[in-house]
Each structure stands twice: as C-alpha cells, then as structure tokens.
Amino acid sequence: MAGQESLPLRRLKEFQPLNRLTDDQLVLLASRAERRTHGPGQRVLERGVRDGLDFFLIAGKVELESVDGRKSVIEAETEKAHNPIARLQPRMYDVTAVKPCEFLVVEQEILNQLLRSAPVEQVEMDSGEGTGGIESEEHHLLMEFLSELRSNQVKLPSVPDVAWKVRRAVDREESTADQVALAVSADPAMAAKLVRACNSPLYRGFSDVRNVREAVVRLGMRTTRQLVTVFSMREVFKTRQAALQKEMEKLWRHSREVAALCWVLADHATQLNPEEALLAGLLHDIGVVPVLVQAEHHVNLFADEANLSHAIRELRAEVGTAVLENWSFPPAFVEAVRHAEDWGYECREASPQLVDVVIVAQLHSMIGSSQNAELPPFDQVPAYQRLGELELNASRSLQLLTEARARVDEVQQLLSIR
C-alpha cells in the first residue's frame with residue numbers, strides 16, 4: 001500500500017517459508033505483496049473460502065475459530081506467527097482481529113514460483129570419515145518435498161460427492177428414508193453397494209432387501225451415512241503413478257484390516273457405534289494419500305523406499321488432521337487420525353473413544369509384521385487399558401480376535417464390495 005515503509009529483509013526472513021528465499025527474491029516478493037490492516041473485531045479470513053493468498057501476521061493478534069467452535073489465538077512475533085495464518089485452502093478457520101492487525105498478503109502462486117527457483121540450503125557434513133554425514137542430494141530433495149506439503153502446495157483429496165449428499169440428507173431433521181434413498185440412488189454404483197451390504201452376513205435380516213429404500217430402512221439413517229462414506233473412500237486411495245499405486249493398494253489393504261478390527265473391538269469392548277469405528281479405522285492413515293499423490297512429482301526421490309517411508313512417518317498425522325478438518329469431520333475422528341500411532345496417548349474422556357479403538361486395532365494389525373519389534377507391551381498402552389470392559393490382557397485380546405476372526409472376515413468382505 002502506498003505510503004507504507006517496506007519491511008526490512010531481516011523481518012521477512014522470520015517467516016516460513018520466506019526464509020528460504022534469497023535477498024533479491026525477497027525484494028521482488030515485497031514489491032508484489034500487499035499490506036493490509038484490520039481493526040479489532042474485523043473478519044480477516046472466512047472458513048470455506050479459496051482465495052489463493054497467504055497472510056503473514058506482521059503486527060497484532062488474531063483469533064481462529066474452527067467449524068466445531070474450538071478457538072485459538074496467534075500473536076505477531078511469536079512462534080505460531082512464523083507460518084502463514086490458516087494457510088490451508090479452502091480455509092478451515094474463521095479468522096478475526098483481536099487487536100489492530102497488519103498483514104503481508106502474498107499470492108500463493110507467486111510465492112510458489114519463487115520457492116521453486118530458490119537455492120537449496122547446504123547441509124553441514126561431519127568432518128570425520130564421512131560416516132556421520134547425510135546423503136546431501138537426497139536429504140535436500142526430501143526437505144524440499146516436506147516444505148511443499150507444509151507450505152500448502154499440495155492438493156487435499158475431496159470427499160466424493162455422493163458421501164456429501166447423503167451426509168447432508170441424513171443431517172436434516174425432517175429427512176425421510178425416501179429422501180436419503182434418493183440421495184444414494186444418484187450414484188447407481190453406490191446404490192448397488194448399499195443393497196449388497198444390507199444383504200451381507202453383517203446386516204442380513206430374515207429376508208433380502210430388494211432396493212435402496214428398503215436398505216435405508218433396515219440399516220437406519222446413521223449406519224447408511226457411515227457405510228456410504230466408507231464405500232466412497234475407495235476412490236480416494238488412487239494415484240496415476242503405477243509404482244506409487246502399489247503403495248496406495250498396500251495402504252488400502254492395511255486401512256481395511258484396521259477398520260475391520262475397529263468394528264469388532266468397538267462392538268465387543270465399547271458402547272461406540274461399530275460403523276463409526278469402522279470409518280475411523282478406514283481413515284486413520286488418510287494423511288498418507290496426499291503424500292503419495294504429491295510423490296508423483298518427485299519420482300527420483302521416492303524410487304528409494306526409505307525416503308518415502310520417512311516422509312510418510314513425518315507427515316501422516318499432520319496432513320491427515322488437515323484432510324479431516326477440511327472435510328468437516330467431528331473432533332473424535334480428527335483425534336483418532338492425529339494419534340493413531342501415538343502409543344502413549346491418553347484420551348481425556350472417561351469412556352473409551354474412537355482414538356482408543358484405532359490405537360488398539362493398529363497394535364493388533366502390526367503383530368507379526370516387520371514393525372513388531374518396535375511395538376510397546378500392550379499393558380503399557382493407555383488406550384489398551386481404557387478398553388476395560390473386556391479386562392484385556394495380551395492373551396485375552398488375541399483370543400478375542402481369534403474367536404472373532406469370522407466377524408473380521410465378514411467386515412473385510414463388506415469393504416471389498418465393488
């Protein structure tokens with residue numbers, strides 16, 4: 001804006017990822033950026049909007065409010081203000097000025113162009129025989145990849161349209177089974193899957209259902225909504241790269257197994273809805289999907305499986321949380337994704353929650369795998385102890401799942417319906 005002094009380069013370098021740009025690039029960026037001010041109580045950003053802009057908080061304080069009403073505060077020149085404010089698109093938060101605020105506003109496309117041509121920082125190597133050093137080229141490439149994901153240069157997957165329509169229909173208090181059936185029937189393939197699911201061993205009644213409306217009536221609105229979302233998730237686990245599609249298929253198989261174990265554990269050990277547990281299990285690694293999709297643009301880097309595994313470990317919880325918040329999922333599902341592999345996590349709620357079921361299902365799915373050596377003893381995992389209705393111990397737990405193997409297989413078959 002005219003009449004305002006330019007920010008010193010030192011100040012610009014306090015922001016991520018601006019600190020990766022050269023001085024010349026920062027001067028160019030500043031010439032193309034805009035300075036905006038907002039008074040207390042003024043709305044800065046609106047949830048759900050895609051504006052293609054990054055807002056860096058130069059001065060003042062803002063409040064962020066998520067779809068479920070949770071609030072947080074960010075003040076300029078603190079660690080939280082080092083990154084763009086509410087940077088994911090579409091915006092996941094309403095942002096309001098608490099104090100008079102000033103922002104540096106940058107078009108994401110301009111910033112991305114500058115970042116792509118920015119020099120890669122040098123990594124200091126050990127001065128010994130080289131054994132303590134990092135393979136610099138691979139390390140740099142991996143850091144570039146992580147930076148792209150964290151600076152919002154990755155496209156988050158969308159909830160398939162039929163799942164949105166059915167969710168909206170079920171959430172309307174006045175909706176009838178006919179209206180929900182109509183929403184499902186808009187996707188003939190989904191309609192066929194729902195009827196087949198209703199006639200599967202898990203939900204079969206005295207007679208088979210013949211159409212979508214009968215399936216909705218038998219299953220109930222809530223179960224219908226969960227199953228439609230479950231079936232629609234298969235389309236999300238896709239990538240165009242053949243080598244990476246193998247990883248995606250492996251991810252889908254693991255997610256399916258964890259989902260089936262979640263259904264059985266929720267049904268036997270909690271008061272939770274088994275279909276919600278099934279969906280939480282299916283989504284627990286949803287953050288890996290954007291990582292694999294983004295890896296299409298880094299073929300040389302991810303030809304090395306170790307690099308891909310490292311990126312997935314680093315980002316699965318962070319990106320998965322962003323995906324579910326973007327999809328407006330309830331906090332219980334977001335919590336389950338954020339802590340799915342956090343063995344020491346202890347939920348604050350008194351009764352078992354989705355996150356407990358997902359953690360315990362994960363533990364069981366990894367028994368006998370290459371990761372088995374890294375697993376903690378079951379009785380030291382808070383989530384395991386919280387499923388107290390079963391009085392679980394390691395042998396009792398394995399016995400339960402052995403006895404429920406047929407049930408697990410039935411759920412797996414449900415998830416394989418095409």
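This is a predicted model: local features need pLDDT of at least 70, side-chain atom pairs count only at pLDDT 80 or more; totals for chains, interfaces and linings use all residues.
1. Basis. Residue numbers start from 1 along each chain as its sequence is written, and side-chain values use heavy atoms, with hydrogens and water left out.

2. Sheet. Strands (E, at least two residues) and helices (H or I, at least four) are DSSP runs numbered from the N terminus; two strands pair if DSSP finds at least two bridges between them.

3. Strand pairs. E1 and E7 are joined by 5 bridges. Arginine 35 has leucine 104 in E7 as its bridge partner, and arginine 36 stands opposite phenylalanine 103 in E7. E3 and E7 pair over 6 bridges, also in the antiparallel sense; here phenylalanine 55 is opposite valine 105 in E7.

4. Burial of E7. Of the 7 residues of E7, 6 are buried, so the strand is largely enclosed by the rest of the structure. Buried means under 20% relative accessible area, exposed over 50%, and partly exposed in between, with a 1.4 Å probe and protein chains only.

5. Histidine 38. This residue lies in strand E1 (residues 34-38). Histidine 38 counts as buried because its relative accessibility is 15%. Apart from neighbours within four places in sequence, histidine 38 is in contact with Arg43, Val44, Ala97, Lys99, Pro100, Cys101 and Phe103. Contact means heavy atoms within 4.5 Å.

6. Helix H3. In H3 (residues 108-116), the buried residues are Gln108, Ile110, Leu111, Asn112, Leu114 and Leu115. Their cover includes helix H2 (23-32), strand E3 (53-59) and strand E7 (101-107). Axes are lines fitted to C-alpha atoms, for helices over the stretch in contact, and angles run from 0 to 180 degrees between N-to-C directions.

7. H10 and H15. Helix H10 (residues 242-269) packs against helix H15 (residues 354-366) at an angle of about 120°, with the axes 8 Å apart. The two are therefore oblique to each other; angles under 35 degrees count as roughly parallel, over 145 as roughly antiparallel, 65 to 115 as roughly perpendicular and the rest as oblique. The crossing is right-handed, that is, the near helix is turned clockwise from the far one by less than a right angle, anticlockwise being left-handed. Among the H10 residues that meet H15 are His254, Glu257 and Leu261. The contact residues divide into 9 nonpolar, 4 polar and 1 charged. Ala, Val, Leu, Ile, Met, Phe, Trp, Tyr, Cys and Pro count as nonpolar, Asp, Glu, Lys and Arg as charged, and the others, Gly among them, as polar.

8. H11 and H15. The axes of helix H11 (residues 274-283) and H15 come within 10 Å and cross at roughly 55°. H11 and H15 are therefore oblique to each other, and their crossing is right-handed. Glu276, Ala277, Ala280 and Gly281 in H11 meet Leu354, Val357 and Val358 in H15.
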